[in-house]
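Q: I have a model open and want to learn how to read it feature by feature. Where should I start?

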Amino acid sequence: MAAFEVRGGKALRGEITPQGAKNEALQILCAVLLTPEPVTISNIPDIRDVNKLIELLRDMGVKVGKLASDTYIFQAENVNLDYMDSAEFAAQAGALRGSVMILGPMLGRFGRCQLPKPGGDKIGRRPMDTHFLGLEKLGGKLTLEGTDFYRIKADGKLRGTYMLLDEASVTGTANILMAAVLAEGTTTIYNAACEPYLQQLCRMLVRMGANIQGIGSNLLTIEGVEHLGGTEHRMLPDMIEVGSFIGLAAMTGSEITIKDCQIPQLGLIPDTFRKLGIQLEFRGDDIYIPAQTHYEIATYLDGSVLTISDHTWPGFTPDLLSIVLVVACQAQGTVLIHQKMFESRLFFVDKLIDMGAQIILCDPHRATVIGLDQRTRLRGITMTSPDIRAGVALLIAALSAEGTSTILNVEQIDRGYQAIDQRLNALGADIRRV
């Protein structure tokens, strides 16, 4: 098990470019299964979860060629359906949360798919009901073996229908969408997710020949087509990395420029950090954060304590609540962090409390942070990364702390952040992988 040794208290300085968006990659890569023609994808992040998904696709029979460090060409001309019956497939897919994204394209193009219960972060319950209920409405028939192996099969061609999703699930919407583009007739998805990643998937499918209306809204209308062709696609920069770097700059009093951010796609992220008192300046498509020794949390107009909560797009992404929470530890003021979607995602705050932060964990979904206003620095400790986002939040805390911190289980961080230690060391951080 790898670990980071972090010597904190150093101000960072320089420019950093966010990687390609992990959450987009898991959808876009699986979409190559919808066509036998070549698909070229660029700005792919070199991270564990994405590399494991590419390996899974290759083992399923997809031809994979690497054109550059971040660019691959895929051709799913001869997909081996029998591979899904193998123990190797069960082990691969079961270890990777992103494997769930093969369901829609496989059912849409080949009429069947099977999948073990996917892995991923242990951040609370992550039911797949929305995926399967939507695919069943298109004509898929689901069977469950035991409690952890799913099979879904269509008798004949999928047929378009109207559906109102029980939740605006991003991955659920993406799976249903990828099945619907090859179904007969019209599919209407109401309460669809509309995150930028989903919009990117829609636009890629349209370039492949799909007919999708309502892109960017929560009402998608899909006219099924007989087949899809090849295309080229470039992924967005990772908005979670952008937010993480904003928080890092504030917490460590650093002057950082985040390059090529695709600012119009960031939604509420910049304004949410501004509510914490963090200064941001847009310079074209770059975000400049000046060195700050003080930042003050806003209040509501009546003076009451600010609440920052997550919500489906265009609300604030849940993946950045861990970052907001740790950054608030050194702000002036108080904020209530309300994590609505996952009941285990705030359970890393005990490590921050051990470092000296003033946090009250109200319940599994809410934490009140009383900022130290830099009067007292956090202290370095030994801790374990529980999931990708909490791991980076703890890394930010360690970089701001006095003394040396050791973060165990950094493989979790590697699943979502590309060579984060090397990239931050280039800005002046002192992180050693051991």
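A: Start with one residue, and keep in mind that this is a predicted model. Take threonine 173. Its relative accessible area is 0%. The cut-off for buried is under 20%, so threonine 173 counts as buried.

Q: Where is threonine 173 placed?
A: Threonine 173 is in helix H6, which covers residues 170–180.

Q: Which residues is threonine 173 in contact with, leaving aside its neighbours within four places in sequence?
A: Such a list shows what packs around a residue from elsewhere in the chain. For threonine 173 it holds Leu165, Ala192, Ala193, Leu198 and Leu220.

Q: How many of the residues of H6 are buried?
A: Read a helix residue by residue. In H6, nine of the eleven residues are buried, and the helix is mostly covered. Among them are Gly172, Asn175, Ile176, Leu177 and Met178.

Q: What reaches the backbone nitrogen of glycine 172 at the start of H6?
A: Look for side chains at a helix start. Here a side-chain oxygen of serine 169 comes to within 2.8 Å of that nitrogen.

Q: How do I compare distance in sequence with distance in space?
A: Alanine 249 and proline 290 are 41 residues apart in sequence, with 8.0 Å between their C-alpha atoms. Now take methionine 341 and glutamate 296. They are 45 residues apart in sequence, and their C-alpha atoms are 27 Å apart.

Q: What does alanine 249 contact, leaving aside neighbours within four places in sequence?
A: Ser254, Ile256 and Ile289.

Q: And where does methionine 341 lie?
A: Methionine 341 is in the loop between strand E18 (334–338) and helix H11 (349–354). Its relative accessible area is 32%, so methionine 341 is partly exposed. Not counting residues up to four places away, methionine 341 touches Asp310, His311, Thr312 and Pro318.

Q: Which residues are joined by a cis peptide bond?
A: Tryptophan 313 and proline 314, with omega at about 15°. Proline 314 sits in the loop between strand E17 (306–309) and helix H10 (321–328).

Q: What is the phi of glutamine 262, and of aspartate 373?
A: For glutamine 262, phi is near 50°, which is positive in a residue other than glycine. For aspartate 373, phi is near 55°, again a positive value.

Q: Where do those two residues lie?
A: Both are in loops. Glutamine 262 is between strand E14 (255–258) and helix H9 (269–275). Aspartate 373 is between strands E20 (366–370) and E21 (382–384). Their exposure needs a separate look. Glutamine 262 is partly exposed, at 34% relative accessible area. Aspartate 373 is buried, at 17%.

Q: How do I read a charged residue that is buried?
A: Check its partners. Aspartate 414, in helix H13 (residues 411–414), has a relative accessible area of 12% and is buried. Leaving aside neighbours within four places in sequence, aspartate 414 is in contact with Ile47, Arg48 and Arg433. The side chains of aspartate 414 and arginine 433 make a polar contact of 2.9 Å.

Q: Now the whole chain. How many helices and strands are there?
A: The chain has 14 helices and 23 strands.

Q: How do I judge the overall form?
A: Compare the radius of gyration with the value for a compact globule. For 434 residues that value is near 22 Å; the chain has 22 Å, which agrees. The C-alpha trace spans about 65 × 50 × 45 Å along its principal axes. Then check burial: 57% of the residues are buried.

Q: What can I say about surface and charge?
A: The chain exposes about 16600 Å², with carbon and sulfur atoms supplying 48% of that area. For charge, compare mean positions. Those of the 41 positive and 49 negative charges are 1 Å apart.

Methods
Residues numbered from 1 in each chain as written. Predicted model: local features only at pLDDT ≥ 70, side-chain atom pairs only at ≥ 80, totals over all residues. Heavy atoms only, no water. Helix = DSSP H or I, 4+ residues; strand = E, 2+ residues; numbered from the N terminus. Rg over C-alpha atoms; globule rule 2.2 N^0.38 Å. Buried < 20%, exposed > 50% of the residue type's maximum accessible area, 1.4 Å probe, protein only. Areas by Shrake-Rupley, 256 points an atom, 1.4 Å probe, with all protein chains shown as cover. Lys, Arg positive; Asp, Glu negative; His and termini not counted. Charge placed at Lys NZ, Arg CZ, Asp CG, Glu CD. Contact = heavy atoms within 4.5 Å. Polar contact = N/O pair within 3.5 Å; in protein donor to acceptor, adjacent residues only side chain to side chain.
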